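Hi,

Here is the structure I promised to pass on.

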Amino acid sequence: MPRQQDKTRTASKTVAKHDPENAQAWAVIMAKILALRAQGKTMQQIGNLFGVGRDTVSRWISKEFGGEKTTFGDMLRYAKALEVPFEELFGTPCNSACVSAYNRTVGDILQEFAQDSDMSATDIATTANLSANEINAVFSGQTAATPEQLYGICTAIEINASIVLKRAAKEANNTP
């Protein structure tokens with residue numbers, strides 16, 4: 001009599017379960033991916049950087065399949081490819097030395113648009129549901145804006161985030 005297959009066994013390849021640390025790390029990686037797209041990189045070029053296909057990058061960007069469920073090893077590989085500091089990846093406190101020149105430029109541009117819109121950090125914080133300290137840290141270049149902060153600030157000052165990111169990429173490329 002043939003042995004009955006155990007239906008309770010799990011597949012040999014499983015997707016990592018969602019956890020807050022992976023979600024935080026993925027948010028940092030995703031912000032870098034979006035910045036690369038804003039700089040004109042194709043999904044194929046980004047995929048080549050990570051060793052994944054263009055379709056995978058497309059799914060990440062369209063949020064059909066989030067990388068936040070990626071294994072820890074792959075997450076570290078992606079962070080290394082993007083040269084993301086360990087502190088930034090896991091949301092540990094970071095001094096201004098570990099914030100990239102690109103992110104400081106993003107902060108400068110956001111602050112410029114905020115001034116043009118006659119909104120204070122407090123006004124933006126209220127509208128964006130963020131703290132004034134978060135806004136000021138991004139504006140001063142003490143911290144890189146998270147995707148949520150970038151979206152909130154841009155919505156509050158009525159500017160498209162892609163305009164900010166493209167301008168920052170252009171300015172970063174023109175800096176010696």
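Helices (H or I, at least four residues) and strands (E, at least two) are DSSP runs, numbered from the N terminus.

Please keep in mind that this is a predicted model, where local features need pLDDT of at least 70 and side-chain atom pairs count only at pLDDT 80 or more, while totals for chains, interfaces and linings use all residues. Residues are numbered from 1 along each chain as its sequence is written, and side-chain values use heavy atoms, with hydrogens and water left out.

First, the whole chain. The protein chain has ten helices and zero strands. Of its 176 residues, 36% are buried. With contact meaning heavy atoms within 4.5 Å, residues 24 or more positions apart account for 66% of the contacts with a separation of 6 or more.

Now to α3, which spans residues 54–61 and has T56, V57 and W60 buried. These three cover an arc of only 100° around the axis, which puts them on the same side of α3; the arc is that of the directions from the helix axis to the C-beta atoms. After α3 comes K63, with a positive phi near 65°.

Helix α7 (residues 121–128) has A121, I124, A125 and A128 buried. Their arc around the axis is only 100°, which puts them on the same side of α7. On the face turned away from that buried side sit the exposed residues T122, T126 and T127. The buried residues of α7 pack against α6 (101–116), α8 (132–140) and α9 (147–156). Following α7 is N129, whose phi is positive, near 60°.

How do α7 and α9 pack? Their angle is about 110° and their axes are 9 Å apart, where axes are lines fitted to C-alpha atoms, for helices over the stretch in contact, and angles run from 0 to 180 degrees between N-to-C directions. The two helices are therefore roughly perpendicular to each other, a label that covers 65 to 115 degrees. The contact is made by I124, T127 and A128 of α7 with G152, I153 and A156 of α9.

Best wishes

Methods
Buried < 20%, exposed > 50% of the residue type's maximum accessible area, 1.4 Å probe, protein only. Parallel < 35°, antiparallel > 145°, perpendicular 65-115°, else oblique.
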